[in-house]
Amino acid sequence: MEARGAINAALDAPKPNETNATISKVTASAVVNGGQVVKEVNSLGKIQLGEKPKLFVALEPYDEKTTNFVERSISDPPLEITVVPGQSIPAWLKVKRNGHDDLITFSVEGLPHGVIVDNIGLNGVLIPKGEDSRQIFLTAAKWVPDVDRFCFAKAAQADNQTSLPVLLHVRQRTAQASTR
């Protein structure tokens with residue numbers, strides 16, 4: 001089994017120093033046969049703070065009225081999207097360009113088994129040169145069980161920038177799939 005994640009830093013984050021640059025730890029947890037299993041994995045090595053990125057990426061619940069990039073802080077609660085098995089729900093993929101003006105291709109990482117980015121066309125998930133947003137669709141197969149999972153968008157250009165995580169809920173038919 002494999003898990004992927006990203007480290008996000010606030011724009012005003014101080015650079016790590018010799019004392020705190022190497023103290024990060026990774027802990028993996030899973031439910032196996034109904035029991036919680038927790039294992040310390042390894043350290044992340046030496047954390048470094050990069051320069052201001054040429055691209056800011058956002059994965060957001062779809063709201064027809066809100067098409068502009070929403071500035072969020074790493075301390076804000078995560079945005080949430082809920083999809084019903086056997087159905088699709090739209091989401092926004094947005095960028096704020098800061099020097100990268102070319103085509104941007106993406107993957108969406110951390111989706112639960114059976115949930116895909118759907119209706120993407122022959123060229124995959126991308127935002128063309130000169131554009132800053134794209135509607136995507138998250139589709140859950142009919143057999144996907146109830147699950148909560150953090151997922152994020154990852155650009156394949158401009159140093160592989162990622163969005164802040166979004167909490168994706170897969171829920172059997174409740175009142176209706178929703179976003180907030």
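This briefing covers the salt bridges of the structure above. The model is predicted: local features need pLDDT of at least 70, side-chain atom pairs count only at pLDDT 80 or more, and totals for chains, interfaces and linings use all residues. Residues are numbered from 1 along each chain as its sequence is written, and side-chain values use heavy atoms, with hydrogens and water left out. The structure holds three salt bridges (a side-chain nitrogen of Lys or Arg within 4 Å of a carboxyl oxygen of Asp or Glu). Strands are DSSP runs of E, at least two residues, numbered from the N terminus.

**Glu60 and Lys94**
- These side chains form a salt bridge, with the closest N and O atoms 2.8 Å apart.
- The pair links distant parts of the chain: Glu60 lies in strand β3 and Lys94 in strand β5 (residues 88-97), 34 residues apart.
- Glu60 is buried at 4% relative accessible area (buried is under 20%, exposed over 50%, partly exposed in between; 1.4 Å probe, protein chains only).
- Lys94 is also buried, at 1%.

**Arg171 and Asp148**
- Arg171 meets Asp148 in a salt bridge of 2.6 Å, N to O.
- Arg171 sits in the segment after β11 (166-170), Asp148 in strand β10 (residues 147-155), and 23 residues separate them.
- Arg171 is partly exposed at 24% relative accessibility.
- Asp148 is partly exposed at 42%.

**Lys46 and Glu18**
- Lys46 bridges to Glu18, the closest N and O atoms being 3.4 Å apart.
- Lys46 is in the loop between β2 (35-43) and β3 (55-61), Glu18 in the segment before β1 (25-32), 28 residues apart.
- Lys46 is partly exposed at 49%, whereas Glu18 is exposed at 63%.

Key: Helices (H or I, at least four residues) and strands (E, at least two) are DSSP runs, numbered from the N terminus.
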